[in-house]
Amino acid sequence: MAKIKLLNQINPKYKLALQWVFVIGVNLLFYLDPQSGLLFILFLGSLFVLYRMPVSTRLKYPATLVILAGVMPLVGMQNSYYFDVITQVGIYAALAIGLNIVVGFAGLLNFGYVAFYAFGAYLYAIFATSQAANFIPAAVAHFPLSGNWFWVFLVVGAIMSAGLGVLLGFPVLRLRGDYLAIVTLGFAEIIRIVFNNLDKPINITNGPKGLSPIEPPALFGMVLNQPIHFYFIVLGVLILTIIIAQRLDSSRIGRCWAAIREDELAARSMGVPVVRMKLLAFAIGASFAGTMGVIFAAKQTFVDPSSFGFMESIGILSMVIVGGMGNIAGVIIGAVGVVMLQLNVLKELSQYLGQLAAQGVIHIPSQVDPAKYEKLIYGLILILACIYRPQGLLPAHRSLPNWLKKSKQDKAINGTQEDNTDVT
Amino acid sequence: MLLEAIGINKSFGGLTAVNDIDFSLDVGQIASIIGPNGAGKTTFFNIISGYYIPDRGKIIFDDRDVTKLSPEKVAACGIARTFQNIRLFPDLMVVENVLVGMHLHLSSNIAKIVFNTRGVRTEEEKAYEDARNLLAYAGLSGKETELARSLSYGDQRRLEVARALAVKPKLLLLDEPTAGMNPRETDEMKEFILHLRDERKVTILLIEHDMKVVMGISDHITVLNYGMKIAEGKPQEIRDNPEVIKAYLGQEAV
């Protein structure tokens, strides 16, 4: 606490300078030493610092772009592991943003979000392997489809998943809270089990064996199957989802969602079409997951039902809750935090402890092998986060949209000028 | 005739909450419904605004049968309401509460919103401007960006009315607008309701317990007791009606 107070007392100018030094310094160091796990975390932290810095967006956006499209690829080419991690972070961030529309904006608790992710993944997987030949005659089309279709499937996946979202939405429209949670949970299990068993009578999903090899994306005859390609695909789609979610949030649709979340009855008597708005929330949330599913399938070149279990839904939901329900920046931080914990921090920690034990520095009995307790610590951290920060790391807060504030200022300036002319 | 209710009947289990009520309301009137607790006033409101469908009877509003319409359709017909226990959107800004009320009069669709077209921006700017004006009218200027939950009780009541006005209703239903207010706030609300009728040409139907308010502003009063209409007429007639006095004060008082 004392440290935070001290930071606040620092002259804002120095503080800003300090922040720039931190951001640039961390990125430089990370570029020089791409193997360091600590620097990778600091690198992600520098993006957050940049996001919170009180500078104009005209400076902020290009700087973020330089980091994400410049520094990260340079590092990633030397250490593809971090490329993989950050791509994973990006996929989950987009999923969390999509789920946030349903849970955070519209207040509809959804435990089955992974169903739409699975649907998108299978959609691409079936047509981008020879699997589709089992039920579509060769005269119609030849399978697997070429990687050029990937781009079409990004859109098709979104649209079909949105349709599935509406389909789920209809029966659960009257449900709220826990009941909704249970139905959506069941829905996700149904989808997973259907994929698990749809290898007979006609083999569509190839059952538990899964589908592979899935065609990687292609563009102008170039096959895009390197980590860097997926990194940029995910980055592009993520930015798109952020923009869409942001615009929806501050629009009349976003206000309707918030109104339904706050008080459904009052919203209805204001003329808010509750049914349509809830279905829209389900559809848009689902469409994000569908698109990410397509990318996931293309990136892994292999899908099977086990990737889409209940824990996956819980993971995405915990990103939204830990990050800050309803806040886009918050859920991205939630995604970074949860993915890093799962993939990176806890693994490195247990490896480090294992190393110490191997060197004989500390003694760890085999029953408490740290590698076995990763999930436990992960759960503990989530519990602590919920106890001490129930509103999330970055709680949602309402404010006027930026462009409106700007136009207000312009008007205020014009207004005073007019006033002046009146006086003279 | 703006609103007409014919033979409205509604029971919950064995309890008849509203029993064969006929009711009519002319354009430009302020009408009140009074009655002891449990008389069926709020149930009657809920039937008009579409929350309940009556067991028997018909509601005609503006020459349309609105008996079986859902609350959002009723709102679209031009009936807005407030609630006995304030029901704002507490975690939205004050101005956003009003903007939600304007929903029916905004038209940007999802594609336009995603592409943030000029049309969307001008519409939003105009909506914010209108909302600000409406808030100023309700005496809430300067509080636009506060959260609704942080307003004082009286301000919350006023905001609820402002939000209902944003629907641009022909008929405004106010469920105990002065409940829990101090005498000064009550007087302000009284003035405000009169202004609404005279300046905004809104027809108003209110449920109210404060007799000073009811007698002071109503053109027409309907008295309910045990779900039945026991009297109606001008304030003076109601004041002297022995049935009404009996309902309020008991048999011996007459």
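In this predicted model, strand 1 and strand 2 of chain B make a hairpin, with two residues sitting between them. One turn residue, Gly13(B), has a positive phi of about 60°. Strand 1 covers residues 3-12 of chain B, and its antiparallel pairing with strand 2 of chain B runs over seven bridges.

Chain B has an open sheet of four strands, ordered 2-1-4-5, and the pairing is antiparallel. Strand 2 (15-25) and strand 5 (64-65) of chain B take the edges with a single partner strand each, so each has one side with no neighbour in the sheet. Helix 1 of chain B, residues 41-48, lies across strand 1, strand 2 and strand 4 (56-61) of chain B. Relative to strand 2 of chain B, helix 1 of chain B runs at about 65°.

Over in chain A, the focus is on a helix pair. Helix 5 (residues 80-105) of chain A packs with helix 9 (residues 227-249) of chain A at an angle of about 20°, and the two axes are 9 Å apart. As for handedness, helix 5 and helix 9 of chain A cross in the left-handed sense.

Note on methods: Residues are numbered from 1 along each chain as its sequence is written. Chains are lettered from A and ligands numbered from 1 in the order in which they are written. This is a predicted model: local features need pLDDT of at least 70, side-chain atom pairs count only at pLDDT 80 or more; totals for chains, interfaces and linings use all residues. Axes are lines fitted to C-alpha atoms, for helices over the stretch in contact, and angles run from 0 to 180 degrees between N-to-C directions. A crossing is left-handed if the near helix is turned anticlockwise from the far one by less than a right angle, and right-handed if clockwise. Two strands pair if DSSP finds at least two bridges between them. Two residues are in contact if their C-beta atoms, placed from the backbone, lie within 7 Å.
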